[in-house]
Amino acid sequence: MIKRTLCFGAILATLLSSSCIKDAPLSPEADLDSFIVDQADLTGAVFIDEANSRVQLYLKQNAFEKGIVPRVVPIPGSTVEPAYGDTLKFDQVTGEGLTSYKITSQDGNYHKTYTVSVVTIGVWAWDFEQWRVQEPNKYMYTVEDNATVIWSSGNPGIALSGVQADPKQYPLRDTTEPYHGQYCAVLETRAGTTLSAFVGIRLFAGNFFLGVFDSRFALSNPLASTQFGQPYRGRPKSFSGYYKYQPGPVYQDKAGKPVAGATDSCSMYAVLYGGTTRLDGTNIQTSDRIIAVAKLPDGGAKATYTRFNLPFIFLKDIEPQMMLAIVMSSSYKGDLYEGAIGSRLLVDSLQIIR
Amino acid sequence: MMRYISKIFITLTLIGAASDLLAQNSTSTFKPFLEHRILAGFNFGATAPMGFPNTIRAIDGYWPEFSPTLGYELSVRASQKWGAAIGVKLDFKGMGIKDEVQYFHTIITVQDGSSTGTFEGTFTGKNKTIARNAYVTFPISAVFTPNNNWRFSLGGYMAWKFSANFHGTVSDGYIRNGGPTGEKVIVDEATFDFSSEVRNFDVGFQGGAERRVGKKLSVLGNLAWGVRPIFPSDFQGLDFPLYNVFLMLGVSYKI
């Protein structure tokens, strides 16, 4: 106590002190820094999903046959088991061949286990029948028949804003008002939280897209965290599906002020672009890598399920390495944090027609 | 705690007065009398932890916020050298600090309409905090007056908050959602405001010295050391308790 008191006295006297700074704590963090695979084996960049402890790989044909030898790099101070260097092989149809890596923090108190999976997209058609609830944040996401995850949303970002851990509190979830099957996806524009208002976000537009959510940028540059697209080969003809849309009653601007006379509308589009790295919310509509676009021209209210079949308009020829993104939002200007709270978009039976 | 402080105070006063009276019994004809003083000055100090936790890696800057104090003190001189005092003060206690933290644990609870949300995480990066709380303070002291020029006091205080400010920014770092193994979220700059969490009541020890510089004017210094954390124990925005420790420098005027 006396030592503490003296120490504190020193601060008061000098108003600045480094003498009281203790030794740095050992790092409690256990995470994957990078997962390096030979670029020649990949159709899309490796994605490390820190929130869900998984590594997603997009492999070329020959990589399935000969296997890959990744370099697994944990963050400084932490250690990884098993030591890497082995060849990993995955089944071309199911993507099976799950491998996991356990990372232990420098202080030994924390562990995190990553599973490595290969994302394979057989048929580009979805009925959104299978949904899971993420732990511990309790937001919903949809999975494919082989349990891989290719669809994402803003839900992982909204989980950082202090919303109640309840699937109903998130803009994207399942619902039992399908066009076909038992379930479909519902996107609902919701009010921001007290915490999100601190970073200027007063509205969460419901969004749903083919791609991944990179949490790193969720606060500093939210649009960059929604990364659109999955590896695609060939020449798509059109983007089709069914939707229902009801705009919310009061349209508000970014500051949260009502805008008289304005009505919300939804947006749906598919973008085919060249390369293996993803475009994101900042450049998906403007990048010079865009090859073709299929876009819903009118996002107005639709009281009953309505079919759409949007032809791809090609700006240039297809390339060997391409990605295809489907992006949907319950508020047309949701990326600018404008829209109407309560706007509700239901989508089902989506398909990319070759 | 208050009982403890008042016990010390009463004991000190009684011992002092008694010994003084015994010593003077034979000689003088001292009669107890009252004194009134106006106190004015500034508070310098910090709302700070007792000893730095190892999650604080560097202090990059400190400055006192504008923290005036103004009050009135009533004292009774029970004997030649001993007496007691009670006062009432308007007390601003403020400071600003810039520091760097590593793996700093925080839980922020927010109420949105009918739902309560929570964000928990560990932050690594820079922090800037401004704390400026205002209190109505009631100090009670035993007073020792060895001669005409000096006056010393020691006792405790109780303080009721009437305005609170505890806000700042975090920047140039990252937060891991949920704890050390959560996903990394880059933080360029984000604000926080814990003003509404600051407790209404503060209590502690205080003591000081006063030197007469004019017929009625004295300069004084008085250290007030809070013993009750300024945030309630269920507040988890910061994972260590903070205490008000402030030195008042000012003047007193005898009226």
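Chain A of this predicted model is built from five helices and 28 strands. Picture a box drawn along its principal axes: the C-alpha atoms fill roughly 75 × 60 × 40 Å. Of the 354 residues in chain A, 43% are buried. The chain also folds back on itself quite a bit: take the contacts between residues at least 6 apart in sequence, and 66% of them join residues at least 24 apart.

How far can you trust what you see? Chain A has a mean pLDDT of 90, with 93% of its residues at 70 or more. One stretch to treat separately is residues 14-19 of chain A, where pLDDT stays under 50. The model has eight contacts beyond four places in sequence for that stretch.

The domain assignment divides chain A into domain 1, covering 25-120, and domain 2, covering 122-353. Their C-alpha centres sit 27 Å apart. Where the two meet, 15 residues of domain 1 of chain A are in contact with 15 residues of domain 2 of chain A. On the domain 1 side, the largest share comes from strand β2 of chain A (residues 42-49), which puts in six residues. Sorted by class, that side of domain 1 has six nonpolar, seven polar and two charged residues.

Let's zoom in on a single residue. A:Phe208 belongs to strand β16 of chain A, which runs over residues 207-213. Is A:Phe208 buried or exposed? It counts as buried because 26 other C-beta atoms lie within 10 Å, and 20 or more is enough for that label. Setting aside neighbours within four places in sequence, the residues in contact with A:Phe208 are A:Trp151, A:Ser153, A:Leu172, A:Ala185, A:Leu187 and A:Met328.

Definitions and conventions:
Residues numbered from 1 in each chain as written. Chains lettered and ligands numbered in written order. Predicted model: local features only at pLDDT ≥ 70, side-chain atom pairs only at ≥ 80, totals over all residues. Helix = DSSP H or I, 4+ residues; strand = E, 2+ residues; numbered from the N terminus. Buried ≥ 20, exposed ≤ 12 C-beta atoms within 10 Å, placed from the backbone. Contact = placed C-beta atoms within 7 Å. pLDDT = per-residue confidence, 0-100. Domains from an automatic or database assignment. Nonpolar A, V, L, I, M, F, W, Y, C, P; charged D, E, K, R; others polar.
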